[in-house]
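Keep the structure open beside you.

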Amino acid sequence: MVHSEVYEGLLPQPPSASPQARDEDRGWGSSLKTCALCVSVLFNLAFWYSSAPQQVALAPPAPAAAESSWLSAAVQAAETAAMRSCSGHGDVFIDTVLVGSDGAQICECHECFTGPDCAVPIPDCAADADSGDPQLFEDYWRRHPEMGTVVTPGWYRIGYQFRDGQMFNFFNNALEAAIRELHALTGNAVTEGRYIVLGTGSMQLINAAVHSLALQQPNISNVVALAPYYGAYELQTKWFNTANYRWAGEPERSSSTSLNGGPVIELIASPNNPTATIQEVPSNTSGVVVYDHAYYWPHLTAITKAVDYDIMLFTLSKITGHAGTRIGWAIVKDLDLSVKMMNYLFINTLGVSHDSQLRATQLLRSVVKSYTRPTMSPEKGIFHYGHEVLLARWARLEAIFSKSSRFSLQHIETQHCSFFGKKSAPSPGYAWVYCERDEDMDCSEVMLRANITGRAGMFFGSSNRYVRLTLLRRQTNFENLAAHLSVLVSQG
Ligand code: PMP
């Protein structure tokens, strides 16, 4: 079922209601891009001329698709796939390749289910609680298909440049506006007067920030993070290993001098992955700090203030669940740093997928609309949905672990959330479990023996007495995890 609202998302939008957002739009479109242009002009020109056509064809453009059959065929294909029953435990998409003897596509089954329509549970299926894949939102988008669907015609922005005449602009202004509106709606971050740099997931922006900050320093930078930290900070810094920076482990909080005499770049996630703790670097720190706010959204933590740090990272993945769309953004105060990050993106991936940006625009606009349209009940909004699911999961885990002296769960404070306008009990994306017994030195190994896959503490720069279990996956995955944990805990 496709509603007219879906097409609305494709039409040019009126300027944002917020004058601030309009100003920002201009700022982004002028000064930042002008500077990016200065820095990368030679590189760009070489590329542009090598790929420019030598002659201009003056033939009239092909007629616009006058009939709507192309659209109805696309809609029908999408609907046929979506309507296919896979017992609630699988999917058929228009690009599903498995085909049965009758020529019909075969369901792609979710983990722990099998059969042509995924109706058969796999006995003794292990609970995979390793990755933070935010599949819990699938259910939300299935229930609100008109909100998440967007149609992409074959000729949609196929070039490298976003629009003709904007040689150095790879970003969708509509997406930028939706991002600013979303932050204003949730009150979780200040965007006024800040630059927004889009990335292929915030994963790309972690290194874009580190690399660009290091370029601003005369000496080799030391990249640090306080354990337990998100493992990609260490992994990326060591992997990309350039002459400008190096991984230096944990920050030296007690020392007033910078590590090894060199400048320090500190990466910090708040709320933290894995602990869900709200964190802040002491104000007397000598280094520059990159705040990763992937989880600073009302369904995952209480919103207590609009964060306003110099460099902040956000990601679509943990807001709408669209991790595979690979959209993240940095909110940056310093123009020079934004330009350096844009150049990183230019050299690394020549921008960000236009198709992904369109999808993200549709999703974020829908989220904003769901809370600002008087005709829609806020309870239908994604933050309410995600919050409800995660509150219930956390309460369930607490109940299971309360019976155990062998394992303990991290403590998370209940706080007042300005978005929900009330106290918000813990609703984290991960459980950070500690094995109390002397002999349980490797907690992930203990879990594995109970048919549960978690992520060992060492991947967070921490002790293997800890293991991280994800709470972000589908309900069936969580039920399986809860069932396996209950058995493990009951064994004493
Ligand atoms: N930062 C943190 C703290 C994360 O947990 C993740 C994803 N697990 C990311 C960044 C990367 O997010 P993405 O690349 O999906 O935008």
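**Exercise 1.** Decide whether L350 is buried or exposed, and find where L350 lies.

*Solution.* Step 1: count neighbours. L350 has 10 other C-beta atoms within 10 Å. Step 2: apply the cut-offs. A residue is buried with 20 or more other C-beta atoms within 10 Å of its own, exposed with 12 or fewer, and partly exposed in between; C-beta atoms are placed from the backbone. So L350 is exposed. Step 3: locate it. L350 sits in the loop between α10 (335-349) and α11 (354-372). Helices (H or I, at least four residues) and strands (E, at least two) are DSSP runs, numbered from the N terminus. Step 4: check the backbone. The phi of L350 is positive, about 55 degrees, although L350 is not a glycine.

This is a predicted model: local features need pLDDT of at least 70, side-chain atom pairs count only at pLDDT 80 or more, and totals for chains, interfaces and linings use all residues. Residues are numbered from 1 along each chain as its sequence is written.

**Exercise 2.** Classify R326 as buried or exposed.

*Solution.* Step 1: find R326 in the loop between α9 (317-320) and β12 (327-332). Step 2: read its phi, which is near 55 degrees, a positive value in a residue other than glycine. Step 3: count. R326 has 20 other C-beta atoms within 10 Å, so R326 is buried.
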